[in-house]
Amino acid sequence: MKVKNKSIRGLLAKYQEISKIGSIEALLSWDLNVNLPPKAAHFRGEQISYLSAKIVDIFLDGEFKKLLDEANLAANLLPEEAAIVRNLNKASEFYHKVPKEIILELSRTTSEAYVSWDSAKKNDKFGEFLPSLKKITELEKIIAGHIGFKKNPMDALLDMHEPGLTAEFCRDNIVSLQPKITELVKKIQKSKGYVPKSDLVNSEKTYPMEAQKQLANFIAGKMGYDLAAGRIDVSSHPFTIDIGRQDVRITNMYKDADFRDSFTSTMHETGHALYEQNINEDYTGTPLAGGVSFGMHEALSRFWENLIGRNPAFLKFMAPIFSAFYGEQLRGTSQEALVRVFNLVAPSFVRIEADEVTYTLHIILRFELEDEIMNGKLKVADLPEAWRAKMKKYLGIVPPTDREGVLQDMHWSGGSFGYFPAYALGNLYGAQIYYKMKETINVEKSLEQGHLADILYWLNEKVHKYGSLYWPDELIKKSTGKSLDSSYFVKYLEEKYGLLYKI
Ligand code: MG
């Protein structure tokens, strides 16, 4: 990568250190989640905070700030130089704009809040979490004020998680999908022969862990995951961690009674890993390394998990392979039943258990509640009731407890207001990418033959390689020829589930 500007060269030298500390921190986090002896938890927490503080120190360092100010004034920057400056502004914005006392208070409040949320969820008592949650929402409002926004404090919070995202955009492109999705769910539920579950995964059947592991390795390899630059381990929640371009690891979790989860979550995590493994090598150790945003990362992981992994054409290819591994458990299962078990649709209380169709409704509900709280239209104390009302309206079911309702996710205890829409955004980007890809690749035919290489090649050339060079809105335009258009996602759901459920 060519860098002419002297201040940017200085910034890159300093960033090398941030990048190295970040990768050591990532390795410690991987170890924390995969190997840590229980007694080491506190010590590991101290090690990780020590490294995080070092990174903050570099961002706040006078010399770094001076170089960044100079770079911001420089004219005629090359596209990569301009992207480096933009990304460093973004990465340091929180520390440069929000006073240190507020950051420290948020950190104290969220540590306490995690404990009270955890206990409130266990005891199904929202009241235990209420004081912390009130304090967090007040701090989030203060932070939004320091970061700055034009119309809505949510804009500042959304932008911290997904560059450029605004509340208005969420309403126009995500919330607006709700009536159509709710309608589709109702149609599916009323379809002939509709069943919300399958005996293949709701019975006494056991799917041996060894076979599940072999299948996970098979599918990750088939997708093109470079196991010489990564590894697959077991953890309580599957995740991907980017330690460096040559060390991108994934984890998995195996359930005895359900063979689907380890398969689809391997595809999900491998989707994240393929993004990181295929970024332009020149960007290593610079602010252009790494996937550009959480939303784009989820787009690619969900693309593999849902649009490929749950695609009927691909499941037809997989059917004999599943039978070879689970001969006894799947005996007599038709191809149609196998496709169906991967594509069951039923409203559920809990977001992380939601299917591909209902998932976005869970996100819309959270976004609307956050937006109302941040704009003073809803009191924190009234959240449980507002939650139930929206569940009823959007999904047609009401959670019997707050544990399965407002208390289910830990995000708010960590101060992550404005985070959820990126999950939905991932679905939207993914569908748009899918239709663009279909213009040049016969995706269904490739999937029937189990041929995934041309799909990965397309993603490498159109998305992966750019790393953080383009922001999400520019990247989707570059790769598909147009700005985000949420109608692709609805079209995808209607086409796929229309065929599956004959509606
Ligand atoms: Mg993910």
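How do the residues of the lining of the largest cavity divide into nonpolar, polar and charged? They divide into 3 nonpolar, 2 polar and 2 charged residues. The model described here is predicted.

**Magnesium site**
- The magnesium ion is coordinated by H268 and H272, each through NE2, and by E298 through OE, at 2.1 to 2.3 Å.
- Along the sequence, these donor residues follow the spacing H-x3-H-x25-E.
- H268 and H272 both belong to helix α11, which spans residues 260-277. Because they are 4 residues apart in this helix, about one helical turn separates them.
- Both H268 and H272 are buried.

**Largest nonpolar core**
- In soluble globular proteins, nonpolar side chains tend to be buried together.
- The largest nonpolar core here has 148 residues, and W304 and F322 are the ones that touch the most other members.
- Helix α17 (residues 421-440) contributes the most to this core, with 10 residues.
- Leaving aside residues up to four places away in sequence, W304 touches M223, M267, G271, L274, G309, L452, I455, L456 and L459.

**Second largest pocket**
- The volume of the second largest pocket is about 450 Å³.
- This pocket is lined by 20 residues, of which N311, P312, K496, L499 and L500 are the closest to its centre.
- At least two lining residues come from each of α12 (294-308), α13 (312-325), α14 (335-341), α17 and α21 (487-500).
- Helix α21 supplies the largest share of the lining, 5 residues.
- By class, the lining of the second largest pocket has 9 nonpolar, 3 polar and 8 charged residues.

**Cavities**
- The whole structure contains 2 cavities of 30 Å³ or more.
- The largest cavity has a volume of about 40 Å³. Its lining consists of R302, N306, L307, E356, N427, F489 and Y492.
- Two or more residues of that lining come from α12 and from α21, and α12 gives the largest share, 3 residues.
- The second largest cavity holds about 30 Å³ of space. The residues R366, W387, V406, D409, H411, W412 and F420 line this second cavity.
- The lining of the second largest cavity is made up of 4 nonpolar, 1 polar and 2 charged residues.

Note on methods
Residues numbered from 1 in each chain as written. Predicted model: local features only at pLDDT ≥ 70, side-chain atom pairs only at ≥ 80, totals over all residues. Heavy atoms only, no water. Donors = N, O, S within 2.8 Å, 3.2 Å for Na, K, Ca; no water. Buried < 20%, exposed > 50% of the residue type's maximum accessible area, 1.4 Å probe, protein only. Core = buried A, V, L, I, M, F, W, Y, C linked by side-chain atoms within 4.5 Å. Contact = heavy atoms within 4.5 Å. 1 Å grid on protein atoms, 1.4 Å probe; cavity = no way out; pocket = protein on both sides within 12 Å on 5 of 7 lines; lining within 4 Å. Points joined across faces, edges and corners; volume = space filled by probe spheres on them. Nonpolar A, V, L, I, M, F, W, Y, C, P; charged D, E, K, R; others polar.
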